[in-house]
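Please study the sequence and the three-dimensional view below before reading on. The explanation that follows is meant to be read with both at hand.

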Amino acid sequence: VEMNEQALLTSAKEVEKEIKTALLNKDMSQKELTKLIGEKSTPQVNRAIKGDMSPKSIRIREKIYTVLNIQK
């Protein structure tokens, strides 16, 4: 079980890094991203970026990937 948790954590960190790098490359803040994807809550978007696995966070990440042109 510990290995699975570690793998999840590693994957989440990689996703977070990829999204944050894309934001930097586009000179965009999380607040701007939140508006762009049609969400109201920057903290909710932040949770999604950090790898939260709730259905809402997964939907938000899918929108982020589309807007930032990240292939998943």
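The paragraphs below treat the charged pairs and then the nonpolar core.

The model shown here is predicted.

Consider Glu 16 and Lys 20, whose side chains form a salt bridge with a distance of 3.0 Å from N to O. Both residues belong to helix 1, which spans residues 2–25. They are four residues apart, and this spacing is about one turn of the helix. How accessible are the two partners, at 9% and 33%? Glu 16 is buried, because its relative accessible area of 9% falls under the limit of 20%. Lys 20 has a relative accessibility of 33% and is therefore counted as partly exposed.

Glu 16 also takes part in a salt bridge with Lys 50, where the distance from N to O is 2.9 Å. This pair connects distant parts of the chain, since Glu 16 is in helix 1 and Lys 50 is in the loop between helix 3 (42–49) and helix 4 (55–68). The two residues are 34 positions apart. With a relative accessibility of 44%, Lys 50 is classed as partly exposed.

The next pair is Glu 39 and Lys 56, which meet in a salt bridge at 3.4 Å, again taken from N to O. Here too, distant parts of the chain are linked: Glu 39 lies in the loop between helix 2 (30–36) and helix 3, whereas Lys 56 lies in helix 4, 17 residues apart. Glu 39 is buried, with a relative accessible area of 16%, while Lys 56, at 36%, counts as partly exposed.

The largest nonpolar core contains 14 residues, and the members that touch the most others are Ile 19, Leu 33, Val 45, Ile 64 and Leu 68. Helix 1, helix 3 and helix 4 are the elements that each contribute two or more residues to this core.

Leaving aside residues up to four places away in sequence, Ile 19 touches Ile 49, Arg 61, Ile 64, Tyr 65, Leu 68 and Ile 70. Among these contacts, Ile 64 and Leu 68 are also named with Ile 19 as members of the core that touch the most others.

Methods. Residues are numbered from 1 along each chain as its sequence is written. This is a predicted model: local features need pLDDT of at least 70, side-chain atom pairs count only at pLDDT 80 or more; totals for chains, interfaces and linings use all residues. Side-chain values use heavy atoms; hydrogens and water are left out. A salt bridge is a side-chain nitrogen of Lys or Arg within 4 Å of a carboxyl oxygen of Asp or Glu. Buried means under 20% relative accessible area, exposed over 50%, partly exposed in between (1.4 Å probe, protein chains only). A nonpolar core is a set of buried Ala, Val, Leu, Ile, Met, Phe, Trp, Tyr and Cys residues joined through side-chain atoms within 4.5 Å. Contact means heavy atoms within 4.5 Å.
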